[in-house]
Each structure stands twice: as structure tokens, then as C-alpha cells.
Amino acid sequence: MDTNNWRPGQAEPAMDTADWRTQWPLDYRLRIVNKIIDTLKRHLPVYGQEDWNELRKIAVRFEEKIYTGAASQSDYLRKISLKMLTMETKAPTALASNLPSNSASNSRNPQDPEGKKE
């Protein structure tokens, strides 16, 4: 993953020197962002570099929001996991609603609804 546009630490950790974020290695966050991207790719169409860049931005913003708002490492992981699970369970329904209904039946000749030939 190209992480040139992502700068970890953009969000300032809390004043507490024992903040969990100071102990959290950057490569862990990068792995989580990659997992988020993998999940998004399964549910969103990616046709070109522009789509790929947008997908990466979405994943980074999402991870950053959870990271800055989490009270602890376990809270961070719980929130990420819950959102990913929600996406996995709700996305097929959302995607299905965006598809044309009865696309298989639309391939028939509309003048011959029973598929009979003259």
C-alpha cells in the first residue's frame, strides 16, 4: 500500500504520557488500514487509480477517526471490528438494492413475455 499521503500522528494523543497510542506501532495501524481497504473492495467497485485512491482515503480517514476517539487499544480494536462486521453483514443488502430488479427477466423480448417465437 502506498502510504505517502498518510501521515500517522496527525491527531494529537491525549496529554497523558501513558496514553495507549504511544505504545501502538505504526505497522499495526497500516495493517488495519489494509484490512479496511480489503473489506471496502469487496463491497465497492474499483475501476481505476482514481477509485483506488478514493478507497484508500476513505479507509485512512475511517481508521484515523476511530484511532483518535478510542479510549484504549481494546476500544480501538472493538470499534474497528464492529464497523467491519456491520459492513460485511449490511453491504450485500445495500448493494442488491442498487442493482436493477429482475435483470434476468429483462433479457426477454418485452413483446413476447412468455418467450414464444412466432
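Modeller: Helices (H or I, at least four residues) and strands (E, at least two) are DSSP runs, numbered from the N terminus. In this protein the elements run α-α-α from the N terminus on, and the secondary structure comes to three helices and zero strands. This is a predicted model, in which local features need pLDDT of at least 70 and side-chain atom pairs count only at pLDDT 80 or more, while totals for chains, interfaces and linings use all residues. Residues are numbered from 1 along each chain as its sequence is written, and side-chain values use heavy atoms, with hydrogens and water left out.

Biologist: What percentage of the residues in the protein is buried?

Modeller: Buried means under 20% relative accessible area, exposed over 50%, and partly exposed in between (1.4 Å probe, protein chains only). Of the 118 residues in the protein, 23% are buried. Leu30, which lies in helix α1, is partly exposed, with a relative accessible area of 21%.

Biologist: Which residues of the largest nonpolar core touch the most other members?

Modeller: A nonpolar core is a set of buried Ala, Val, Leu, Ile, Met, Phe, Trp, Tyr and Cys residues joined through side-chain atoms within 4.5 Å. Among the 16 residues of the largest one, those touching the most other members are Trp20, Trp24, Ile32, Ile36, Ala59, Tyr76 and Ile80. Two or more residues each come from α1 (26–43), α2 (49–69) and α3 (73–98).

Biologist: Why are α1 and α2 described as oblique to each other?

Modeller: Axes are lines fitted to C-alpha atoms, for helices over the stretch in contact (heavy atoms within 4.5 Å), and angles run from 0 to 180 degrees between N-to-C directions. Angles under 35 degrees count as roughly parallel, over 145 as roughly antiparallel, 65 to 115 as roughly perpendicular and the rest as oblique. Here α1 and α2 pack at about 130°, with their axes 9 Å apart, and they are therefore oblique.

Biologist: Which residues does Ala59 touch?

Modeller: Leaving aside residues up to four places away in sequence, Ala59 touches Val33, Ile36, Ile37 and Leu40.
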